[in-house]
Amino acid sequence: MTSARSSDEARGVRFEPAPLGGELRPPPDKSISHRAALVGAICKGPTRVSGYLDSADTRATLRAVEAVGAVVSQGDSDPNGGFFVEVQGVGLRGASPAAIDVGNAGTLLRIMPGWLAGQPGGEWELDGDESIRRRPVDRIAEPLGGMGASIESRDGLPPLVVRGSPLRGIDYEMPVASAQVKSCLLLAGLLAEGETTVHEPAPSRDHTERMLAAAGVAIRRDGDSVTVEPVAELESGDVTVPGDFSSAAFFLCAALIVPGSELTLREVGINRHRIGLLSIISRMGVEMGGAHEHERERDVVVHEIRDPGPEPMASLRVRPVRLRGAEVGAEDVPGAIDELPLVALLGCFAEGETVVSGAAELRRKESDRIEAVVDGLTALGARIEARPDGFAVEGTGELRGGTIDARGDHRMAMLGAVAGLASREGVEVTGFDAVEVSYPGFARDLTAVTT
Ligand code: S3P
């Protein structure tokens, strides 16, 4: 028995130990929703998006595209935390000058300037909340500058001023794997003279590439690099947004560590660059299965796979498992970047040590997620220590419980909630309302699968 119970705001929200059961369709994918709105704005015709994520971050993107002249018509809401939206774009070179409030949305902050930078005559300022003002933008300003763009920032931090200029293609070696930086440069490449090639140190999510290819752009992958050719205009089309694997991951991990759970997650996006967590948990002892009869009794079963385009999705059935510690290195990081805090939690319940390295990027997320995870889980009784580029957890097979502060970070708020379900004494999450950024219905969904 249990669920999320709101008390007064200062005391936060409590999550009591409870198994998970039944079925859940996680909310629509945040990364894909941002991109659907942006690419829709770049097209000239209408783009219809089924299941656009209704969250603070993705609403900021709709407001941003409206600010530059796109017309956004919102249709009916669906029961999964999304709604239908039609975006009437302005065309590749049609963005009007504007001041853009990105709120807390790092993806919007880093991707949109690529499109704006190549439109001579325009000027745009992008700024956001207090946390966004700590998110580095030099990672896009530097390569965009190399393409001939004029970008000004406050010592590499927002606010960011983009003055549109003619761009030339670039051949750019990214120092860190980042889908945001890659996407930004690919959009700039659409307006540049000549080809633009981006080399990634490890493959990151390719939602932008898929959407651009569907819009008629000549884009190709060759090993670790992606090349885009300039175009006159994009062809608009329809997008179906799958459930967000990164949101589903909180429930998946909860069902792996709370005894007595059996949960099915439906229509979850399974883009292969997003599901790195599945290979990490298989190294932690989880037996993965597919649709074949003899695989049905495995711990995590991936079935009902379908691909309505541009992204594949599937159902995941999950049961508790005895986990063992594992090593997670730099090559695992891009495919599981947003799930690494959950790997720390799984590590608490595993036998032996779990070490995450090569993940210094975590320090630059909505919070310093290495510090936040280590301080937060330590307060709940975990044996975990911070490293410059990750953390090391000594599994004890349990977690006492206590209080954890979300630090304004949606993924920390949800981590605290899942820790509560798996703990001995329950967890109180202060600042729980940070979930609004990506998953406003989180507490409701959690209640639905724990009662
Ligand atoms: C995202 C890319 C990742 C991820 C973020 C969403 C995207 O960031 O952490 O939540 O939609 O492109 P980086 O590009 O900084 O790795």
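Is Tyr439 buried or exposed? Tyr439 counts as buried, because its relative accessibility is 1%. This is a predicted model, and the legends below take you through it one close-up at a time.

**View 1**
A pair of aromatic rings is described by the distance of the centres and the angle of the planes. Across the structure there are seven aromatic pairs. Phe432 belongs to the loop between strand E25 (427-430) and helix H13 (442-450), while Phe442 is in helix H13, so their contact ties together parts that are ten residues apart in sequence.

**View 2. Asp171, Glu173, Asp222 and Asp224 form a negative surface patch.**
Here is a spot to look at from the outside of the model. Asp171, one of the four acidic residues in this patch, lies in strand E11, which covers residues 171-173. Asp171 counts as exposed because its relative accessibility, 56%, is over the 50% cut-off.

**View 3. Arg210 and Asp206 are joined by a salt bridge.**
The side chains of Arg210 and Asp206 meet at 3.2 Å, taken from N to O. Arg210 is partly exposed at 26% relative accessibility, whereas Asp206 is buried at 13%.

**View 4. Glu262 and Arg317 form a salt bridge between two strands.**
The closest N and O atoms of Glu262 and Arg317 are 3.7 Å apart. This pair links distant parts of the chain, with Glu262 in strand E16 and Arg317 in strand E19, 55 residues apart. Glu262 is partly exposed, with a relative accessible area of 37%, but Arg317 is buried, with 11%.

**View 5. Arg407 and Asp375 connect a loop to a helix.**
In this salt bridge the closest N and O atoms of Arg407 and Asp375 are 2.8 Å apart. Arg407 sits in the loop between strand E24 (402-405) and H12, and Asp375 in helix H11 (residues 369-379), so the pair ties together parts that are 32 residues apart in sequence. Both partners are partly exposed: Arg407 at 33% and Asp375 at 38%. Elsewhere, salt bridges that share partners bring Arg205, Asp338, Glu366, Arg369, Asp409 and Arg411 into one network.

**View 6. Pro158-Pro159 and Gly309-Pro310 are joined by cis peptide bonds.**
Follow the backbone from Pro158 to Pro159 and you will find a cis peptide bond with omega of about 5°. Pro159 is part of strand E10, residues 157-163. A cis bond also joins Gly309 and Pro310, with omega of about 0°. Pro310 is found in the loop between strand E18 (300-306) and strand E19 (313-318).

**View 7. Glu267 and Glu304 have positive phi values.**
Phi of Glu267 is near 50°, a positive value in a residue other than glycine. Glu267 lies in strand E16, residues 262-269, and is partly exposed at 29% relative accessibility. Glu304 likewise has a positive phi of about 50° without being a glycine. Glu304 is in strand E18, and it is partly exposed, with a relative accessible area of 45%.

**View 8. Leu92 and Leu415 are two buried leucines.**
Leu92 is found in the loop between strand E6 (82-88) and strand E7 (98-103), with a relative accessible area of 0%. Its C-alpha atom is separated by 32 Å from that of Asn80, twelve residues apart along the chain. Leu415 belongs to helix H12, residues 410-422, and its relative accessible area is 0%. The C-alpha atoms of Leu415 and Thr47 are separated by 35 Å, and these two residues are 368 residues apart along the chain.

Key. Residues numbered from 1 in each chain as written. Predicted model: local features only at pLDDT ≥ 70, side-chain atom pairs only at ≥ 80, totals over all residues. Heavy atoms only, no water. Patch = residues over 30% accessible without salt bridge, like charges linked within 9 Å, V, L, I, M, F, W, Y side chains within 5 Å. Areas by Shrake-Rupley, 256 points an atom, 1.4 Å probe, with all protein chains shown as cover. Lys, Arg positive; Asp, Glu negative; His and termini not counted. Charge placed at Lys NZ, Arg CZ, Asp CG, Glu CD. Helix = DSSP H or I, 4+ residues; strand = E, 2+ residues; numbered from the N terminus. Buried < 20%, exposed > 50% of the residue type's maximum accessible area, 1.4 Å probe, protein only. Phe/Tyr/Trp six-rings, centres within 6.5 Å; stacked < 30°, edge-to-face > 60°.
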